[in-house]
Amino acid sequence: MNTAKMEVEQLLKKLPDNCSIEDIQYHLYVLEKIRKGLASADTEKNFLKKKLRNNWANGLSSKMVSRGAL
């Protein structure tokens, strides 16, 4: 796992030598948005998995009851 400092160093190596402070700030902003988005997606994915499992289990049980299987 990279530290924030290591990520900034990697970013700076990728940018051209003549980039401005604003360019660096923009790329740091984008990097942070991506990191937050990935973390949010991971959290949402886990939440959705649980919700789908619950809905599937509840739906399956109710369908079985309505068909007289239980």
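Q: In which helix do Arg 35 and Glu 32 lie, and how many residues apart are they?
A: A helix here is a DSSP run of H or I with at least four residues, a strand is a run of E with at least two, and both are numbered from the N terminus. Arg 35 and Glu 32 both belong to helix 2, where they sit three residues apart, about one turn of the helix. The model is a predicted one, in which local features need pLDDT of at least 70 and side-chain atom pairs count only at pLDDT 80 or more, while totals for chains, interfaces and linings use all residues. Residues are numbered from 1 along each chain as its sequence is written, and side-chain values use heavy atoms, with hydrogens and water left out.

Q: What does Arg 35 form with Glu 32, and how far apart are the closest N and O atoms?
A: A salt bridge is a side-chain nitrogen of Lys or Arg within 4 Å of a carboxyl oxygen of Asp or Glu. Arg 35 forms one with Glu 32, the closest N and O atoms being 3.5 Å apart.

Q: How many salt bridges does a search of the whole structure find?
A: The search finds two. Arg 35 also forms a salt bridge with Glu 7, again with 3.5 Å between the closest N and O atoms. Because Arg 35 lies in helix 2 (residues 21-66) and Glu 7 in helix 1 (residues 4-14), this pair ties together parts that are 28 residues apart in sequence.

Q: Is Glu 7 buried or exposed?
A: Buried means under 20% relative accessible area, exposed means over 50%, and partly exposed lies in between (1.4 Å probe, protein chains only). Glu 7 counts as buried at 18% relative accessibility, whereas Arg 35 is partly exposed at 38% and Glu 32 is partly exposed at 33%. Of the 70 residues of the protein, 4% count as buried.

Q: Which residues form a nonpolar patch on the surface?
A: Such a patch joins nonpolar side chains (Val, Leu, Ile, Met, Phe, Trp, Tyr) within 5 Å, taken from residues with over 30% relative accessible area and no salt bridge. Here Val 8, Leu 12 and Leu 28 form one, with about 200 Å² of accessible area together. Val 8 is placed in helix 1.

How values were computed. Patches are made of residues with over 30% relative accessible area and no salt bridge: like charges are joined within 9 Å, nonpolar side chains (Val, Leu, Ile, Met, Phe, Trp, Tyr) within 5 Å. Accessible areas come from the Shrake-Rupley method with a 1.4 Å probe; for residues, only the protein chains shown count as cover.
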